[in-house]
Amino acid sequence: MKVTQPNRRVLITGLGAVTALAPNAAGTWNKLISGVCGISAIDLFDTSGYRVRIGAQVTNFKPPLLCVSSRQLRRLSRCDRFGLSATEEAFRDAKINLSAENRERIGICLGGGAGGVLLAEKYRRKIFQGQQAKPSMLLPFATCSTADCIASAYNISGPRSTIATACSSSATAIGYAADIIRQGRADLMVTGGSESLCELTFGGFNAMRLLDNNPCKPFDRGRNGLSLGEGAAILILEESNRALMRKAEVYGELMGYAITGDAHHMTSPAPDGRGAASAMQKALERCNLKPAQVDYINAHGTGTLINDAAETNAIKKVFADHAYKIPVSSVKSMVGHCLGAAGALEAFATVLTVKHSVIPPTISYETSDPECDLDFVPNKARPQSVTYAMSNSFAFGGNNTTLVFRKFEEMR
Amino acid sequence: MNPSVVATGIGIVSSLGNSNKVFWENCIGGKSGISQITGFETSTYKSHLGGEIKDFNPRAFLKPMQYRKMSKASRFAIAASIQALEDASLAVTEDNTEQIGIIAGTGYASTSFTDDFFVSLLQEGPSGADPFYFPETVPNAPASQISIFHNVRGPLSTVSHNNVSGELAITYACDLLQSGAVGAVIVCGVDELNPIIFRAYASLGVLSPRCGSEEMSRPFDHERNGIILGEGAAALVLEREDYAERRGARVYGKISGYATSGSSVTLGAYDTDGEQTARAIKEALSDSSIFPEDVDYISAASNSSRELDRLEALSIKKVFREYASRIPVTALKSQTGEYAGMGVLRAAAILLSLKNQLIPPTINLTIPDEQCSLLQIVRFPVSMMIRTVLLNGISFGGANAAIIFQKA
């Protein structure tokens, strides 16, 4: 049943993560603000023959045992397992006792990237080599399989959807999930995204020569491409009255979001950053904020020549002189570009920045670039109170998303 | 649901025709778009039929330079979007470009390119992999290509959720329109039939086989034995009512309410108890402030699979009770087969039925399944007063959506 109630607000009350830095939220955050790089040699599949052989691969990950039978777990993809693990952690973190909840009021909206492609590739390789392969390897191929398996594992029956816009998927999913709560269609949403490295994306970015031989250096003059990564981040979004009534610990408020299209090119952003600028602009308008109120921008910051320059242009376009005063950082320098999970991991980092008043750095930063001349919080985290923060995510095909977060103390 | 969302334009690329007019003639005429697949070899499989589009000429819509790098899915999507904008008399200009959004719904989008790229990787090794195919492998390719083609710069996104991808694209578009983010949205549901998707469905055993039985898409029939895959694209122009009014747009109908829900099932399986599928319908009715008896007919999700058709009949009975046997039900998938983004084509058929006041038939139904017998499944076109139609969406994996369309 839809609840009609004006001005429903959305708080973040639970977080979970799996990254190359750590298989959990606390470990990931501690390493993010310590400036640890999670990018190294990949051994998930054979990388011999590739020009670039590094990425931010998740290691020492043990799949959660709590919510699915081992028989079911066997069928799930690596991506689904990351997603389940982060969800388990997020529910626990939010102190939500599902057995006491009306699960019709709990929904899920995730962003997806390559999803179960890693498993489908194994299938395809066998077929290609003339061998038999188990058709069940194809079941988790669909982008929505992570959302479906999480929803089933926790028996949540509210709204369910999956956004599939490559690198901005999970940012859009988070913004949309908040709107679903605002509209009264759910009171609690599981949102975020999950991604697993696979040969399709690794081979594709390699073939397009978009990967850096060394760990990526976003906004650095010597940047030479991105580093792929994998992992998951799950946010529990909760309607504010409900969260306050149960005295939930609040990480921050998700004020709103905007999505736009570049209408420019399938793989390159518009060089003047018009679509990205428009996403930031529209997000500010929607949240009733002036540019000068923004204290921090978590950048898309992939480390490719063109993205970082275009994003810098876009920020200057929107913030004018204030652009030079806003700290801007890219956590992709540490966790890599996690495609379908990238927006979620960055939302995770942004909301913790707002909560803990520490800005994670852009690491591997050595030389400033006249084309990228903002404050990129180089190499060392910065203690600083952040009231309003933005997180940018852009994708192939010009799919741009900007999320806006606010410190919780400020909302009363 | 407030403010109202209206539909002002329709574009169709389908196995029943590549324009609204031809599609509707064939749809109402009970024609089948299903035939022997000719686009690729099926001889090693037990299934050979598909709702394959055979007479689509991309040159009618695009220059070779434009479509050379596009998958079939993207070509279909652009062709449908061109028709829809034209049908809505909506021209994209510098003044309105940020007021127009694009939401696509697709299950697998350009998987032909994904497979071509991966095979080039397997054949040639890492150094020989062909970057040509890679940009189109993202599921957001069709929507992005539409935005580039028309220079539309408003909200742009893609929903991919199994067989309710089209339905969930429509509901996302409605949400964007109601939040005030945008005045109009081009919603496009698209998928392509290609060897890799055919292989996947065939190996999972969900296709109707030709062995000791007839290979056929026959929703609700006692003899149904699986689905037939289809392909195509349908695009709708949806607008906030005031936006459409201001520009004096002709209106096909309005979306007066919707709801979504989720069932807990294992990967690839359907719900069995029908609780959540029924709840989506009930909540869509209440979102639309109407009663079950107000529904004039139901566009069914049923696709000739043993499980889905039984489940859908059960859900309809749960919601409509004594009215269940009186409300006409029709299943478009009997004519076109199933594809993941097909919810938008089904919505287009509903809007055309509101305009023409005719219910299209379910074909291939000989002996209704006992479990579906209470339903009044229409086998011939029915002419009657149609004001309210329920679009029911159910997917394997557990996502459900119900959308109510009404005559404006």
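Predicted model: local features only at pLDDT ≥ 70, side-chain atom pairs only at ≥ 80, totals over all residues.

Visitor: How many helices and strands does chain A have, and how compact is chain A?

Guide: Helices (H or I, at least four residues) and strands (E, at least two) are DSSP runs, numbered from the N terminus. Chain A has 12 helices and 14 strands. The C-alpha trace of chain A spans about 60 × 55 × 40 Å along its principal axes.

Visitor: And what are the numbers for chain B?

Guide: In chain B the secondary structure comes to 12 helices and 15 strands. Its radius of gyration is 20 Å, close to the 22 Å from the globule rule for 408 residues, so chain B is as compact as a globular protein of that length. Along the principal axes, the C-alpha trace of chain B spans about 65 × 60 × 40 Å.

Visitor: Which domains does chain A have, and how many residues are in contact between them?

Guide: Domain bounds come from an automatic or database domain assignment. For chain A that gives domain 1 (10-245) and domain 2 (257-406), with C-alpha centres 21 Å apart. Two residues are in contact if their C-beta atoms, placed from the backbone, lie within 7 Å. By that test, 57 residues of domain 1 of chain A are in contact with 55 residues of domain 2 of chain A. Among the elements giving two or more residues to the domain 1 side are strand S1 (10-18) and helix H6 (169-182) of chain A. H6(A) gives the most to that side, with 6 residues.

Visitor: Which domains are assigned in chain B?

Guide: Chain B is assigned domain 1 (5-246) and domain 2 (256-406). Their C-alpha centres lie 21 Å apart, and the contact takes 60 residues from domain 1 of chain B and 53 residues from domain 2 of chain B. On the domain 1 side, H6(B) gives the most, with 8 residues.

Visitor: What does the contact between the two chains take from each?

Guide: It takes 60 residues from chain B and 61 residues from chain A. Elements that give two or more residues to the chain B side include H4, helix H5 (141-150) and helix H6 (165-178) of chain B. H4(B) gives the most, with 6 residues. For residue classes, Ala, Val, Leu, Ile, Met, Phe, Trp, Tyr, Cys and Pro count as nonpolar, Asp, Glu, Lys and Arg as charged, and the others, Gly among them, as polar. The side of chain B that touches chain A has 26 nonpolar, 28 polar and 6 charged residues.

Visitor: How do I read a pair of packed helices?

Guide: Two packed helices are described by the angle between their axes and the distance between the axes. Axes are lines fitted to C-alpha atoms, for helices over the stretch in contact, and angles run from 0 to 180 degrees between N-to-C directions. Angles under 35 degrees count as roughly parallel, over 145 as roughly antiparallel, 65 to 115 as roughly perpendicular and the rest as oblique. Take helix H4 (residues 117-128) of chain A and helix H4 (residues 111-124) of chain B: their axes come within 11 Å and cross at roughly 55 degrees. That makes H4(A) oblique to H4(B). Glu121(A), Arg124(A), Arg125(A) and Phe128(A) of H4(A) make the contact with Phe118(B), Val119(B) and Leu122(B) of H4(B).

Visitor: At what angle does H7(A) pack against H4(B)?

Guide: Helix H7 (residues 199-207) of chain A packs against H4(B) at about 80 degrees, with the axes 10 Å apart. The two are therefore roughly perpendicular to each other. Here Glu199(A), Leu200(A), Gly203(A) and Gly204(A) in H7(A) meet Thr114(B), Phe117(B), Phe118(B) and Leu121(B) in H4(B).

Technical notes: Residues numbered from 1 in each chain as written. Chains lettered and ligands numbered in written order. Rg over C-alpha atoms; globule rule 2.2 N^0.38 Å.
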